[in-house]
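Colleague: Could we go through this model together, with the cut-offs spelled out as we go?

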Amino acid sequence: MGEAVSAGSSWKLSAKEGGALAARWWQWALSAPDDYDPVRDKTGEFADWEQPDDLWFLAGTYGGRVERRCSIPANRPVFFPVFNTQHPVPWHSRKPMLMGVAEATAHLNGSALPLEEFTSRPFRAEGRRRVAWGLWAGLAPLVPGQYVLEINASTTGGFWVDTTYHLTVEER
C-alpha cells in the first residue's frame, strides 16, 4: 500500500475507496464489545483491538475531550474520522445522515492534514443495513518515531470532539 513516509504525508483516496473504508471503520468500531471499545477508550489502551492486516484504524469519540497514547505499526496506512455518523437505513435508501459542520481540523505534528468527505454504500453492522458519512483523513505509512495527532470538530448543533493521539510508530 505504499512506501513509509515522514509526518504529514496524506493518503489520497478516491470517493469509492474512502466510502468503502468508512464502512469498514464503522463495522470495526461497532463490533467491539463495550469492555474493549476503542471509541469509548479514554487512554488508548484498546487502540489495537482487532485491527485489520492492511491498514490501521484510529478511533473517534462519542464527543468531548480525550487524550490517547498508543503504538501503531510503521508498515500500514492509517485511516480515521475527524467527524462522522452512521445510521440504519431501509433497503431502498442510500441517504446518509448529514450534520452541519462548524469546524473540522486534523494536524499531525502541527501540520494540517487534508480532510475528505466520504459517504459509504450501504453495509451491514449489528444486524442492520447502515450508511456512513463523515469527514475523514488518511495517512500513508509513517516512519518510526513519535507523532502527535490533534483532531478537532464541532457541529452547528453544539456537538464537539477534541482528540489528541500521542502515537509511537514502530516496526512490527
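Colleague: Leaving aside its neighbours within four places in sequence, with which residues is Glu67 in contact?

Modeller: This is a predicted model, in which local features need pLDDT of at least 70 and side-chain atom pairs count only at pLDDT 80 or more, while totals for chains, interfaces and linings use all residues. Residues are numbered from 1 along each chain as its sequence is written, and side-chain values use heavy atoms, with hydrogens and water left out. Taking contact as heavy atoms within 4.5 Å, and leaving aside neighbours within four places in sequence, Glu67 touches Lys42, Thr43, Thr164 and His166.

Colleague: What is the length of the polar contact that joins the side chains of Glu67 and His166?

Modeller: A polar contact is a pair of N or O atoms within 3.5 Å; within protein, one must be able to donate a hydrogen and the other to accept it, and residues adjacent in sequence count only if both atoms are side-chain atoms. The Glu67 side chain has such a contact with the side chain of Arg65, at 3.3 Å. For the side chains of Glu67 and His166, the value is 2.6 Å.

Colleague: Is Trp25 buried or exposed?

Modeller: With a 1.4 Å probe and protein chains only, buried means under 20% relative accessible area, exposed over 50%, and partly exposed in between. Glu67, with a relative accessible area of 37%, is partly exposed. Trp26 is buried, and Trp25 is likewise buried.
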